[in-house]
Each structure stands twice: as C-alpha cells, then as structure tokens.
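Hi,

Here is the structure I promised to pass on. Please have a look, and then read my notes below.

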There are 2 protein chains.
Amino acid sequence: MHGLMQDWPLLCHKILDHAATQHGAREIVSRSVEGPIVRTTYAETRQRALKAAQLLEREGFAAGDRIATLAWNTGRHLEAWYGIMGVGGVYHTLNPRLFPEQIAWIMNHAEDKALFVDLTFVPLAEKIVPQVPSVKRVIVFTDKANMPQTSLPNAIAYEEWLADADGDFRWKQLEETAACGMCYTSGTTGDPKGVVYSHRSNVLHAMIALVPDAMGLSSRDTVLPVVPMFHANAWGLAQSAPMCGAKLVMPGGRMDGEAIYELLDTEKVTFTAAVPTVWLMLLQHLEETGKKLPHLKKVVIGGSACPRAMTKKFQENYDVEVIHAWGMTEMSPLGTLATIKPEYLELEGDAKLDIQQKQGFAPFGVEMKVTDDENHDQPWDGKTFGRLKVRGPAVARAYYGGAGTEQFDDEGWFDTGDVAHIDPQGYMQITDRAKDVIKSGGEWISTIDLENLAVGHPDVAEAAVIGIAHPKWDERPLLVVVRKPGKEPSKDELLGFMEGKIAKWWMPDDVVFVDEIPHTATGKIQKTTLRKQFETYELPTA
Amino acid sequence: MHGLMQDWPLLCHKILDHAATQHGAREIVSRSVEGPIVRTTYAETRQRALKAAQLLEREGFAAGDRIATLAWNTGRHLEAWYGIMGVGGVYHTLNPRLFPEQIAWIMNHAEDKALFVDLTFVPLAEKIVPQVPSVKRVIVFTDKANMPQTSLPNAIAYEEWLADADGDFRWKQLEETAACGMCYTSGTTGDPKGVVYSHRSNVLHAMIALVPDAMGLSSRDTVLPVVPMFHANAWGLAQSAPMCGAKLVMPGGRMDGEAIYELLDTEKVTFTAAVPTVWLMLLQHLEETGKKLPHLKKVVIGGSACPRAMTKKFQENYDVEVIHAWGMTEMSPLGTLATIKPEYLELEGDAKLDIQQKQGFAPFGVEMKVTDDENHDQPWDGKTFGRLKVRGPAVARAYYGGAGTEQFDDEGWFDTGDVAHIDPQGYMQITDRAKDVIKSGGEWISTIDLENLAVGHPDVAEAAVIGIAHPKWDERPLLVVVRKPGKEPSKDELLGFMEGKIAKWWMPDDVVFVDEIPHTATGKIQKTTLRKQFETYELPTA
C-alpha cells in the first residue's frame, strides 16, 4: 500500500525558490573580488540564477554536464551554482590551493565542459585550461569594465553574459537522485577522488544542518561562511542559509583577521564557520586591537581539531559559543557537532571544555559506529577506539569512476579512515587517522593523543609520533620532537613528563629531535614523508 | 548522471533508532490511563516497539495492513505506532469524540485488521467492533491486573501480549513512499475522508518541524503534546520529538487545566502544543490559583484561530512565547507558523500581537498561494484574499478510495478550503472558510472579520455571519447575535459600532438576535445549520 502524499522531489532549486518567496528581500552581502561590498537579495539571486540557467541551456549545456567553478565565496558564485543546478548540470568546485597540474588532472577526470572563474584565478586558469580540452566556455566573475586581457578560450565577463538573458526559464525537472554537485578530496596519497552529490543529498543535508542541535540557523541569523564553497559546499551553508532565509555575508578572497572582523562588525554577523587557522588570525587581530564581538553568537569550528585554548577564548573573552564539528567531503560534509545535550547543560569551565573538545554527536540523518579491524562494533565507553564508520542519505556510496571501493561495505557503511571513540552520551572524539594509528601487540595506540601530550611540555614546539617496525610487537611508537628555540629538553626529561599520564605500553620507545617536521599544504603533519624519513631507523633494544 | 550518495530510505523506524542510539536514556513520561505516572526511555520504547512488531508479524499481520488505535497520548500508544510501522503496517488513529457509527464507518472504509485501545474506550470499542468484521485482534493498553471483562473478540492486555516476545526483530525494509499512517478528516458535510501518510512524508514533516523558524525543538526541550495523536500525528510531535531526542511528557486522558499544569510544573516542560480550548482551561486555572509557568518557554496554538487576548496573557503574564500555527490533517499537519522574521523583531505590544494574530509563514517544504475562483494568483499585499492552496512533500495528493478529487489540481496544488490573504513578508492570515465566504457583486466578504468585529462590542456574547440570497448582489451578509445576559443592544447600535471600521459594502444588511448559535462537537460555529435556519429569511429592502 502506497502513501497518498505529493510527489515533491527534493531538488535544489526548491531551496532558492523558497528563499525568494518567503525571504525575498533578505540580503546577500559580498566582498567582491574587485574590492567593493556588493549587496543583492534572495529574490535577485533567483532571478540571476534563472538567467544563468537560461544561458547555459542556450549555449548547449545540458543535464549531467559538469561545470567547474574556481572562485571565492561571493554572491555571484552562489548564483552560478543554482544556475548550473537549475539547468540540470553539476557544479564542480575546484580548490585553487592545489597545484595547476592537480587541478587539470581533476578537471580532465570530471570532463568539465565549462568554467566559472574569479578574477584572482584568471592567471591560474590560463595555465590549466589549455590542458583540459573538454572545457568549451569560460565565464569570468566580473563585469566588462574589469575584464582582463586573457588567453582563456571563449571567455566572457559574467555580467556581460547575464545581460543577454531575461530569466524566462523554468528549472529543469529531474529525479531527485540526479547529480547536482561534485567535489574532489585530495588525500595525502593516491589520486584525488570525486564525490558526487545529488539534489536529494544536498536538500536533506541542509535540513539536517538547520536543526537546533546541529547549526540551529533561522531567518534571524546573519551567516558568514568563511569556509570556502570549494570545501564541501561551505559545510552546506550555501544550501542551509537560503533554506531558512538567513542573511548571507560572503567574504570573497580576503580571510585575514582584519577583513573577517570588519564583516563580522559592519554586517552584524551572528553565525560563522571556518577552520581553526582562520580563527587564530581573528583572535590575534582582536587581541592586538582590543576589539570585541558583540553581535556574534556562534562559531562552528572544524576541518581539523579545534584547540582547547581557542574554544576557551571565544567563550570566555568574547561570549561566543563554539560548536566543534567534524565532517568529510564524502559526508556533504556534516558528521557530528558538539552542541550540548541536557545531561551536560550544567557543566562549566574545564568540564564543559572537556565535552567541547570532542567532535560531538550525530544529528538525525547520520549514523555512526566504531569497529575493530574485524568489523566488530566497539562499545560506546568513551575510551575504546576503533575505525569510525558512517551511514546516511548525505554520505557517499562510491567515488566517481569507481575509485576507493574498499572504503564502502555491503551494509552501506563508509569507512571514514578516522579512528575514534564514542562516549556513553554519543559524543565522538577522533583519536587518529587509521593509517597513522600504531598497532602494538594487537592493541592500538593513538598518535594524536601522544602528540598532544608531548606538546604540553613547555620546551616542545611541535611533536609527531609514528610507528616503527618491531620484531615482537609489530610496531612501537617513536616520538619526533621540534624543540623551542634555545631549549634543550632531553629524551629522559620528555619521557619522564609523559610517564603516568598514559598507559605504560603507550610510552614511546624512543625520542628523536629534528629541526623541522614536514607539513601538507593545509598545515597537517605529513606522516607519510616522516615515515619514509625514518624508514631505516632502528629502535633501541631495551 | 546520478549522484553517488547512499540509498538511505526515509523510513520512520530510523527516527526511533536515532532516538534510542543518541538519546537512549532520555525519558518518556506518561500519565497512564490507570492513574499513576509511568516513566520509560527512548531505548526501552524502541525495544518494546520491536516486540510489538515481532508479535504483529507472528500473528499474521503484514505490510500494508491497517491497524487502528483508539487511545490517548501515552508511551504505550507511541510504542504501538512504531511497532505497527516497523512491521510495515499502517497505524490508523481514531477520534474517540466521534459517534460510534462514524467510527465504525471509518474502520470499515479503512478495513482495519486490528485495534489497540485504551481502557477508557473499551466500552466504546464494544459498541463499534461488532460492526467491523475485518478486525481480528484487539489489544487493550493495560496490564493483566487492570484488564477488564470485555465482550471484545480476541482481546488481550498489552503488557501480557508484549511479555511473549523477545524483541529479536529487524524492522521491515520498505520503499519510503509506502503507507505508514492514516487519519480521517471529518468535514461538516459528507463522509469522512482518509489521508494516507507515507514514511517519507512523516520523516520529512518532522525535519521541517524541527527548524528554529518552525517549532525549533532540541534535545534540551521537554515536550508536552496535549494535542492528541489522533489529531494529525499530534501535529507531528510523535515523530519530531524522538527525531531530536526531546524528553516527551504524555498527558494521557486528563486535559483539564489542573492536570496540564501539574505536568508542566513537575516535569519542567519547556514546549507544549494544543488548541485554544485547552489553554483557556489552563489560563483559568493559573488565574484562580496564582500559579506561574517558570519552565515553559513556547506554546504552539492552532486547530482554530488563537484569540489575541490568549497570546497577550501567555506572553505578558507568564513570559511564554506563543507560536500561532495553522495546518490540516491533509498537511501532516504543519502549514504555517507565526514565528518572528527579522523584519518584525523590534516590534512590541500591539504591533507584535498584530503579527502573531496571523497564522504565520511557511517553512521550507511548504509552498502556498492564494487564488481567485479562476485560479489566478492573488498579490501578497496582506489584504487581497482568495482560496488558499498548498503544495509539499507532506501534503496529500489524494484521499483514500478517491474521494474529494476536486480539491487537487494538475499542478499538484491542494485546495485547503480556507480563504486567506498573505502579506508582503509572507505571513498568511485565514479570513474565512471557502464555503462560508459571502460573494457579493463578484467580490468576497469575510464572515470571520465581521464576526470578530461584532464580538468587539461590549454587549455581544457571540456573533455569526452568513450570506443571504440577494436578487442583485447574489449574496448579502446577515449578522446573527447572541446578546450578553441583561444587555439589549439594538440593531442600529451594533451597525453604528461597526460603521467606519470596514468597507461600506461589507456592512451587514440586517441584524437578528437569537438565544443560541449552533456549534459543532469541537466548538466551531455550525454554519450549515445556521444557513438552514435562515433559509426563508428575507433581507429588508432598502
């Protein structure tokens, strides 16, 4: 027996239609790449997205076509997304921080047919596009006056292009499972892998994100997504903000502390989201200038673990609530958020920070579990860690082209590659990456826990832990340390500092001092390089 | 091109699974029909729902089977719902306030195969079930000790029944569009019509309801659904509360002011929802006893228009925010909620009450429009009214058995039967029922507006307006008035009071005084009866 409810497919254009109908005059404020602040509304954004869709159709683009964007967060970028989706196309965000060869590889893999590009990235695109023969059209997010001389083929200024349409277009009606967006993840090893979002997954993800225990956004909020749209849909804010009619403030290309502060202040931003690095810059700016954050209520911090001191500063010095969050490109990206359950509502000070140091719990629409290597569920006791696996309507079931099949199992679980534990209240905490965890005598040792402990020593600037092959225990931990300038802590001093704070068998077998630890482009420790560096290293025999 | 996201069907059991996993120890507190307060949790509720599903399967019930419930809001009723849905069945709520013959007609129309019934309604069920041959099994929501002697066929006490299962059951995996629930609407004319909810519509409806601009529920809330589960899923709270892990307080059969106050107070309820009649009783109890509502934050008021004085009292005397809402059984039921958009945030006093008198705006997932009789869209100017039509994933596309097809059009719009206007900010206000509106010279006159104006006169106890046939204007308004005891306002006095407050052509052609105005069982004015009563009435000629 079927339900007798309306067939109302979850298509992304319905988000913009809703915003334009119910919140039509609400603003989208952008710091343009040209410089000035630009103001538009949801009603105008819909009208311009309709024009973009109309033009794409006129130029022969059709359902399923991948159309790349290489751009900062601006109103124009948002219009282009909805225009691309509205003609049935697939927006494909490119990360400008990758090497040109990597971007070209990704574009060729996706077979992108067109490119929307910011002025900033025209020189970068000029290096890439000649290597990507599928690209037939380039649209530069600017107006005719600011359009540069360019070797890009078939290039036009966005505003000039849009002026040629009247917006008399009806959104393409597709199945809700049709592709609408694409984003490649760049692991530390192997080729990048493409995640393909559907209209359904984007709409459901935005609904999941809006609830009070997740981001809790309303039409009364002013949202500043500092996290770029090329990082997993700006953590969904490109959909969830219009879905609830929140005012949007787009930072364009300037993400330094002063620039972010300026927008937070002048636009009275209530909600913002970004990686810890951005907040370090903002906090530094605030401390240097003595400025405050009277309007800001919530900041979502994710992408990498939020330092405890950062949470403390935001909450105690600026009265801004921190929501520590975790997700992945493969999860659209929200996985967990450390909002406060009623059991923890009375906590204050350090006890509250302890909870907020965890990555949080899963809202409805995200299932998670931790398993051992034999896929047995681990208990939710807040200490037994294992591989973190997730399931949900906004979680990938495969990568584009079939890469990485080993990460997906028959029951629909996606192996995140993270190692974590979950406490009895459902709060998850990442303890390691699966490929970094040290397996010693059948048990796991968290390298992140050891690193955090080691950097707690006042003379340590940075620390990394890797596993070294061991004839009896398979692997044993080696602690690699960068000392602070002018400090000379000894191996015994550091081990003495760690002793008693962790299980005995977790204690590193050795400590080595180096001048530098290798990092990835996004600032994470490059453990593959480190492991190669210590390939021939031999642990001392006891 | 398809998205590569997981196939994670929107099935109702996922709501309870999530509640049990992430909020397992959170309580469901019920005032039992036997008397005492009973406490359970989401984890236990899931376990008991699994047992119910296991037993239903063992007894031969299968996917698509309609299983009726005749019960108050209690934890047991909730368990039974999820048990029925978990075996693929369709819960069918019955309204005990209908006549036994009506209930029997509805059960026969739905071909219900089993019945879950509260102790209170065993005598009523004994009158009904013999008329419904499809019912093979009756389960009484009580334990063996409290099980009455009954003529009901194949009856068993719920607790005795449950004790026979171990809960080792896997929820049936269905298409998300499969039916999961059923509720009949009883119009003032014609046979009742069955609305058939799907798993998908119930899940999406709960997600729509949770967002801050709708109900805004979180795991930190304690929710008291006074609105019965047999009224359109307790306005969705039977799904949205477990979806966010809110503590649930179920009022059982006692809905008087004292009983409701007691639960609000002892369980520290933060959120509640019911029709105005319930709140009249509560406010009266509070005024008589001088009690306050320190825990309660929000009250959702719908089902019929919320009197302005009620909103004012809740907000000014008790610091409880009122959310005026509108919906229909056909809409699962949420349509609009009068939460406050940023444009209205600074309003206070009467200006704020003016907005809250409206039924509110539609969240994402509900589309609405007003049209004239020729289906032309009317402007959103806050005064031009027309037929209110809606669309969405939780809106019916048909009635069970095909009744009422004239209410559904080709573009998927459902004609609500209400007449309304929408203001430029998207706030909708009901001005009449379509069958009550007076059509005079091609223009519409709102009977509700005239009635509200007339009862504003200090000597008027109640007022009703109906259309009387007129040779030139088709219809003209007649005002029917019940005077307050001891008061004798004249026709001229009343018309003088109304003059200048409405358009001239809206002025009633005549006023008649009566001792009583006929009402329906739910307290609404019975205009069909009134129109029959004044069938031969002749308007005075000017």
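I call a residue buried when its relative accessible area is under 20%, exposed when that value is over 50%, and partly exposed in between (1.4 Å probe, protein chains only). This is a predicted model: local features need pLDDT of at least 70 and side-chain atom pairs count only at pLDDT 80 or more, while totals for chains, interfaces and linings use all residues. Residues are numbered from 1 along each chain as its sequence is written, chains are lettered from A and ligands numbered from 1 in the order in which they are written, and side-chain values use heavy atoms, with hydrogens and water left out.

Let's start with a helix. Helices (H or I, at least four residues) and strands (E, at least two) are DSSP runs, numbered from the N terminus. Nine of the 10 residues of α1 (13-22) of chain A are buried, so this helix is largely enclosed by the rest of the structure. Among them are His13(A), Leu16(A), Asp17(A) and Gln22(A). Their cover includes α2, α3, α7 and α9 of chain A, together with β16 of chain B.

Now the interface. In contact (heavy atoms within 4.5 Å) are 74 residues of chain B and 75 residues of chain A. The two chains bury about 5900 Å², 60% of it on carbon and sulfur atoms; this is the accessible area (1.4 Å probe) lost on putting them together, summed over both. In chain B, Met1(B), Met5(B) and Phe364(B) lose the most area to chain A.

Eight salt bridges cross the interface, counting a side-chain nitrogen of Lys or Arg within 4 Å of a carboxyl oxygen of Asp or Glu. Lys14(B) and Glu367(A) form a salt bridge at 4.0 Å, N to O.

Best wishes
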